[in-house]
Amino acid sequence: MDRYNPVITGISSICSLGHHPEDTLERLLKNDSNFSKVQFKSKVFQDRRVAFVQDFNIRNYIKDRKTLRFMSKETQLSVCGVLLCLADSGITVNETYDENEIALFAGTGSSGMNLDDIENFLNNTTDDNTGLFSPQKFGQDALYKLNPLTSFKILPNMPPAVAAIYSNIKGDNLIFNPWEGNALLALYEALHEIYFGRANIVICGGSDCKTHSNAFITFAEYGLLEKGDIVLSEGSAYVCVESHECAMKRNAAPYCSIRNITHRSCPGPPPYSISSSEKFYAEIIEKALADSGLEPGDIDLVITSDDVNVNIDDAENNVIRNTFDHCVVLSPKKNIGNAFAAAGFLNVAIAAYILKHRLPVQEKKIHRILVTSFSPGSEKFVMIFEEL
Amino acid sequence: MRRVVITRTGVVSPNALCFDEFSENLRKGKSGLGDIDYFNPDTFPCRIVGQVKNFDKDRLRAKFPRLRCIEDNKVFFGLDAFLQLLEHRDDGFRECPVNLGTSLEVFLIEKAFQFSPYTFDMDRYVTTLKNGNNEPYLQVPLDFLGNFIKDEFSITGANYVNCSACAASTQAIGHSFHMIRDGRYDEIIAGGFDSMLNPIGLGGFSRLGALCMDNELKEKAIRPFDLRRQGTVLGEGAAMFILKELEHALKTDETILGEIIGYGASFDAYKLSEPESDGSGIGSSMGKALKDAGIGPDDVDYINAHGTGTLSNDKVETIAIKRVFQDRAYKIPVSSTKSMIGHLIGAAGAVEIAAVLAMFRDNFIAPTINLEKRDPECDLDYVPNHSRNEKINIALKNSMGFGGQNATIILKRYEG
């Protein structure tokens, strides 16, 4: 991966601990969290915790009230994520780079439809005698009430596509769905795009919103909520990845370099694939270290995908404990919740911020960070970032 | 430079259930459109669709009992297209990635009210789930099919799920082409699968104003490039391909259906539901694909258009083709195979790429059917109504998605 020595030159992170990486990290290191109860009516889920992005007002970023009507919360978060990332990287579209040269690779989440939005509409669709769904009733009494813009709220390509409109990005694009690892494929492919010379700059990231009722129903159905007290969350994070040469040419101040990304696909049945094999996780970490020419002792900080309260994480924790015995370990989901498609990029943004600002973590100087992404979903990653 | 070829394809479309039948029906200009019969659509403003008929879902359920948790038709179409890849030989591709395009999760509204009659109540619904009634899924995650195929057939590669709306499967195939050409893989399973032919999908699209509402037109409801076009028709289906590096394909002595030589993608960054009026978005995508292929406008001898039959799409795509190909635009046959199968959304690009491969293999150019009254603003050669017995060598395939995502693939006849 070091042929073009890709670097991160801009970051954004919007999550339950703040709208900027510095806020998030400060509160994270203080072990702060911002969990609350669900906002939809439910006795079944009334004790579940969620992590909302606080004080988020899209109108601070987009003034046009009309266009906001077709944006889901995830889309709003994504639009802001891309705008903040571009601003942070010091890039002005069509000045720093031509609009057609900037690529946007992103990941988005599943179950985007907020049932609260369509509940009244849904309840006009049942047969008077059976109470079951009636297509005839739907067509007659409900369909005309359906907001024509609803489709734009639920299509999973919309968060990055709308972000492209608001940031005037016209280059190559890829959008992946639905889990944390699938979203991180955006970063993996961005590096290859740069490595093979098809792009010099890729804005890549993820967004997700799992705080609404539909996410709870879907995850309950998959059996994910039974795995522990998982804190569903929302947010977005983007990073600007550039070839080192281009970043230097425009006098950018990179956050860090990307030393290695190792990817493996996990066997296991759908709907989500989880491996409880410590061997599987250990092998990915070993490969990432070996490919980078590093030893475990060269890593100063491990940022894990660990969900703390979810028992699927035992394998990951055991492997990290066994591999990095003197290393500082940070598990951001413990404080910011699990924002799935955004979660991996939130951890990448945190790593980049620590490295750029040479922030000590638990009084230890950090020069090199290993980030794991072993969360639900078939695609697993180990990423190594280092200071410049 | 490594060359990338397509060695196998599986197709499920509204006018055919396999590649051979698909090719034959495209040549005949046979439409697969008609009334939807999944549910009673009498009260729906739009009832004409491209439904896959005579598809045996129960056969797949019997073969794969784990699919009992699935109602979403697109998963079955995708799986069937994949199984067609294995029909003649089942070897190789155990370590290759799966890269599939699709659009969005279907919300199984019938199940919602089955568990919670009259008024949807999430607590009642979830309590019923907890009593063991958790099948089928209310919503199936988009990575389900890829993971199912991987798990069932012991494939260990990555599962890429491209969700770029109507450009999704063209992107998935183009992205796979780059991955093989770059030397990252020797073979990839790529394609697309989709179905939005359910009450919410059909209803939602009709509210968007994108569909032709004149149900009396029957199979003529979609009329790409015709002056009287009123909108598109929703279709469903899937197409899967084995993409291989050429030397690798030759070693296994497989029939080569075509070669992919270029790919490009772009954003309009304009509006969500309509393309930029000057055609610059899809024009940029075509330009990138030509550059990527190392060819010029004079080398292309067929264009498979996105050609949805909506007022703005057909006009803008025509403008974009003229913008890229200049005077030569008038000499290149351009057809919309959607005129026969409707708009397959996330699967559209994949099935239309299968159409191009059929044209390569069987030496014809598929027509744009229902094109009776010429639109002065759509003045190219759209191969109206009848196929042509012509041999094409290089074909360009366009896809344009909601949200302004564009993708173009360039395919070449493989001559050995």
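A: A:Ser13 touches A:Gly18, A:His19, A:His20, A:Pro21, A:Thr24, A:Ser236, A:Ala237, A:Leu346 and A:Ala349, leaving aside residues up to four places away in sequence, where contact means heavy atoms within 4.5 Å. This is a predicted model, in which local features need pLDDT of at least 70 and side-chain atom pairs count only at pLDDT 80 or more, while totals for chains, interfaces and linings use all residues. Residues are numbered from 1 along each chain as its sequence is written, chains are lettered from A and ligands numbered from 1 in the order in which they are written, and side-chain values use heavy atoms, with hydrogens and water left out.

A:Ser13 lies in strand β1 (residues 7-14) of chain A; helices (H or I, at least four residues) and strands (E, at least two) are DSSP runs numbered from the N terminus. A:Ser13 has a relative accessible area of 1% and is therefore buried, a term that stands for under 20%, with exposed over 50% and partly exposed in between (1.4 Å probe, protein chains only).

Burial also marks strand β12 (residues 379-386) of chain A, where eight of eight residues are buried. A:Glu379, A:Phe381, A:Met383 and A:Phe385 lie on one side of β12(A), and A:Lys380, A:Val382, A:Ile384 and A:Glu386 on the other. A:Ser265 has A:Glu379 as its bridge partner in β12(A), and A:Leu370 has A:Ile384. Five residues separate the strands in the hairpin of β11(A) and β12(A), where A:Gly377 takes a positive phi near 120°.

Turning to the interface, 84 residues of chain A are in contact with 80 residues of chain B. The two chains bury about 6600 Å² between them, 63% of it on carbon and sulfur atoms; buried area is the accessible area (1.4 Å probe) that two parts lose on being put together, summed over both. Four salt bridges are counted between chain A and chain B, each a side-chain nitrogen of Lys or Arg within 4 Å of a carboxyl oxygen of Asp or Glu. A:Lys170 forms a salt bridge with B:Glu276, their closest N and O atoms being 3.8 Å apart. Among the elements that give two or more residues to the side of chain A that touches chain B are α8 (180-195), α9 (213-222) and β8 (256-265). α9(A) supplies the largest share of that side, eight residues.

Note on methods: Two strands pair if DSSP finds at least two bridges between them.
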